[in-house]
Amino acid sequence: MQPDVNVAPLPSIPRRRDLARAHHERGGLVAAVLPIHYPRALLRAFGILPMEVWGPPNVDAARAASRLQPYVCSIVRNALSFLESGGLQIADLLIVPHACDSLQGLGSVLLDFVHPAQPVLPLYLPRNPAPEGTAFLADEFRALHQRLAEVTQRTPSESELMQAILDEEVADDLLRRVHEQRPTLPLTTFDFYHLVRAREFLPLDSFVSLARAILAMPAVKSPPKIPIVLSGIVPEPMDMLRAVDELGASVIADDLACCGRRLYPAGRSRDPFMRLAESLLGGSPDSTRGSPIQDRLDHLLGLAHSTGSRGVVFHDVKFCEPELFDLPVLRRGLRDAGLPSITVEVDLNDAVSHQARTRLEAFLEMIA
Amino acid sequence: MTGIRAWGIDVGSSTTKIVGVEAGGTMCLHLLEDSEPRAEEQIVRMLQRAAAASGDQRVRPLVATGYGRKLVQQADRVVTEITCHARGAYRALGHGGTLVDVGGQDSKVIKLGPQGEVLDFAMNDKCAAGTGRFLENTCRRLGVDLERLGEVALAARDEATLSSTCTVFAESEIVSLLAHGVGVEPILKGLHRALVQRLVAMIHTVGLTPPLMLSGGVARNPAVARLLEAETGETVVVPPHPQLLGAFGAALVALESVGERPGKP
Ligand code: SF4
């Protein structure tokens, strides 16, 4: 089946390299940020442009082989290989949130063995829920603020920091609306993710303009497609999304760590660090934040019911321990609730295999 | 032969099959050949054979399934093996349950609802363990004819334990067992057990709903069915022409595409 032809011309997205260069020319710094959660507004307040590093895909991962265990996921493996082959030279600092054991291990390898040219700033995320978790995270952000002040040799005022937070909250709200509006957007699944994932590296103003342009697109009544929910960490290889389009399905909502789990609500506190922590921990349940599996299950069922989705595709990165640990319970829970699901395991460096495509195709035939 | 209303072709990794069905979905013609590397040429040739044998020069409507389904340019539609096996099994046996299909290159377990609808499935598509290829490779190593494999295994009084279903490791384990004087029959029985245990693990991922059905070329091997029964405690039902189930199901999908409903067995 051909993808929906009723699609809009896409707003163009600048290349990361050009954005970084332009930012440097304006005197700002660029941070390479590893997955998943981090305080974007805090970086912006220091004039730092965050550029997220989800792998990237299709990297010769051999360089990392000597430093990482064979069972480490391809996101971490690729990130280390990319760094060691000079791919992150553009960055002035590296931020490594401890989303999982593999990323925590990467942080240690960087600090203890690799000693990259850039400073490495780890970020610990709480595993316990609010209020203790919020207070812990706020303290982590204060410590990060201190480190950023040392690296940049400047300290934004509290009102500058608060303004940066409020500006990001506007962008977060726009992103949430883009996600909500997706059933009527004239975009294929592939194009939708191509656009919204620009949030991973665009400067704030550029992203706000992009989000507004997407929201202004004329609504379409799409031809009937099979609505599905996509869950996992990151929709890579992106060809999997092309396969979804070609097979006559549409991702109508997602529970992806890089997308749907980062639709942060605005914080409430006046203290900027508490406000940032409230916002980050207010996102939807996430295996890497230690959310109870039942919360994740309820969230998935809620997403499916509110969007009329017929099934859930778990698109998991091989060896992703936090996701794979929850998977059997989630699938059983969905099955008990009458919602079919399937798992497709991927490696960031592999093309979408014939087998993975067949699995997806058979699943879509089953739920069509 | 006239009266063929729809066609299915299953381009598998080991064999390529064509099935023609008449009104009501009764299988009335089938062809089966070992799959050749030049699949497109073989498909053309087999379709010509089908046309000659049936008198239906168009061989349409045609639905393609199997590993090489996208290579069938003549097909009106392509459908996965999961859907086709489910259709074929339901039409052949008339009930739902749990279908285990062991193909040359992959194996799958499909849970069928009472009306034959696919409720869930699991596929082993990552390695040769648990597939026909596993048995094929090892029987070559043991010098036993593939057709007699199950019979020889069932004749064994003892059973060797194989710790691996990986084709590569199993082969070296076999060499080691032979070197230690273990007979061919116990090794073969152990091999079948290893394969079946792998299948049972897959069955558990979708949940076993009786009756248990077995299809694919391996279903002709009596040891697989017997050991599957021993491991699950369920009677195994093998449909007629277990190797043709995918092509048969594809023909039934083609029949539905022209507004005809397959009848009951
Ligand atoms: S894919 Fe999973 S294991 Fe890998 S970095 Fe992300 S959360 Fe960690």
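Contact here means heavy atoms within 4.5 Å. The model is predicted.

**View 1. Helices H3 and H6 of chain B pack against each other through side-by-side residue contacts.** 

Helix H3 of chain B spans residues 132-142, and helix H6 of chain B spans residues 184-206. Their axes come within 11 Å and cross at roughly 170 degrees. Angles over 145 degrees count as roughly antiparallel, so H3(B) is roughly antiparallel to H6(B). From H3(B), the contact residues are B:Phe134, B:Leu135, B:Thr138 and B:Leu142. They meet B:Val184, B:Ile187, B:Leu188, B:Leu191, B:His192 and B:Leu195 in H6(B). By class, the contact of H3(B) with H6(B) has eight nonpolar residues, two polar and no charged.

**View 2. A:Met240 is a buried residue in helix H9 of chain A.**
Helix H9 of chain A covers residues 239-246. A:Met240 has a relative accessibility of 5%. Buried means under 20%, so A:Met240 counts as buried. Neighbours within four places in sequence are left aside for the contacts of A:Met240. The contacts are A:His315, A:Val344, A:Val352, A:Ala356 and A:Leu360. A:Val346 is 106 residues from A:Met240 in sequence. In space, the two are 9.5 Å apart, C-alpha to C-alpha.

**View 3. Residues of chain A surround the ligand.**
The shell includes A:Cys73, A:Ile75 and A:Val76. A:Cys100, A:Leu103 and A:Ile233 also surround the ligand, as do A:Thr288 and A:Cys320. Seven residues of the shell are nonpolar and one is polar. None is charged.

Conventions: Residues numbered from 1 in each chain as written. Chains lettered and ligands numbered in written order. Predicted model: local features only at pLDDT ≥ 70, side-chain atom pairs only at ≥ 80, totals over all residues. Heavy atoms only, no water. Axes fitted to C-alpha atoms, helices over the stretch in contact; angles between N-to-C directions. Helix = DSSP H or I, 4+ residues; strand = E, 2+ residues; numbered from the N terminus. Parallel < 35°, antiparallel > 145°, perpendicular 65-115°, else oblique. Nonpolar A, V, L, I, M, F, W, Y, C, P; charged D, E, K, R; others polar. Buried < 20%, exposed > 50% of the residue type's maximum accessible area, 1.4 Å probe, protein only. Near = heavy atom within 4 Å.
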